Amino acid sequence: MIETGSPGCDDVNCIGVGGVPPVCHIEPDSLHFGVCAVNDSLDMTFIITNTGEGILSGSVSDTCGYYTVVAGEGPYNLAAGETLQVAVRFSPVADEQYECALETGNGGCTDVYCDGTGNSAIGTTPELPRTVALYQNYPNPFNPTTTIAFSLPEQATANLSIYDVDGKLVTTL
C-alpha cells in the first residue's frame, strides 16, 4: 500500500509477483580442438542450460570461417532446467593456429572460445601433447552420462578414478 499523504486522495494498493530470472550456464565454456589434419575436421560440443527460472532466449551463431556450428545453430528458448547441445566443427585449411569466439546470442551467456591448430603433416607422425592434462567434464551437472577428456604426453594406458564429494571411490575407468 502506498500512502498518498492527502485526505482527498485514496491510497494506492500495489500487487506484484517476484521471480527468479533465467540464468545461463555454458559447459564447457571453451573448446580446445588440439591438432587437426589440414582439410579434415574435428567435432566437439558444448551445452547451454537455463539454471534459473523463466525463459532463457538467445541465438547461437558462428562468426569464424574455420569453426562451424553443425547442430544447435539459430534461436533458442529454454525453460527452467532445459538444455541445448551445440555441436561445433573445426576445419583447418593451413598449418596455423585458429581462434574464435562463437556467439551465444544472449547478454547473460558468455561466448564460447574455440582454438585449434591445422597440421598438414598429420598422418605421417602423430603429434602428442607436451603435458598430462585433465579437462572439465561436460555436461556438468550431468545425468546419466558425462564426457571426461584428458591428454597424455606419450602413448600409454591410463586409469581414471572417480570419487564422490565425500572422497569415496565410485569407479575406476
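Trainee: Which residues does Val 88 touch, not counting residues up to four places away in sequence?
Mentor: Val 88 touches Leu 31, Phe 33, Leu 42, Asp 43, Met 44, Phe 46, Tyr 67, Thr 68, Val 69, Val 70, Leu 102 and Cys 114. Contact means heavy atoms within 4.5 Å. Some ground rules: this is a predicted model, where local features need pLDDT of at least 70, side-chain atom pairs count only at pLDDT 80 or more, and totals for chains, interfaces and linings use all residues. Residues are numbered from 1 along each chain as its sequence is written, and side-chain values use heavy atoms, leaving out hydrogens and water.

Trainee: New topic. How many disulfides does a search of the whole structure find?
Mentor: One. Cys 24 is joined to Cys 109, S to S 1.8 Å. The cut-off for a disulfide is a pair of cysteine sulfur atoms within 2.5 Å.

Trainee: Which hand is the disulfide of Cys 24 and Cys 109?
Mentor: Right-handed, because the torsion about the S-S bond is about 110°.

Trainee: Are Cys 24 and Cys 109 buried or exposed?
Mentor: Both are buried. Buried means under 20% relative accessible area, exposed over 50%, partly exposed in between (1.4 Å probe, protein chains only).
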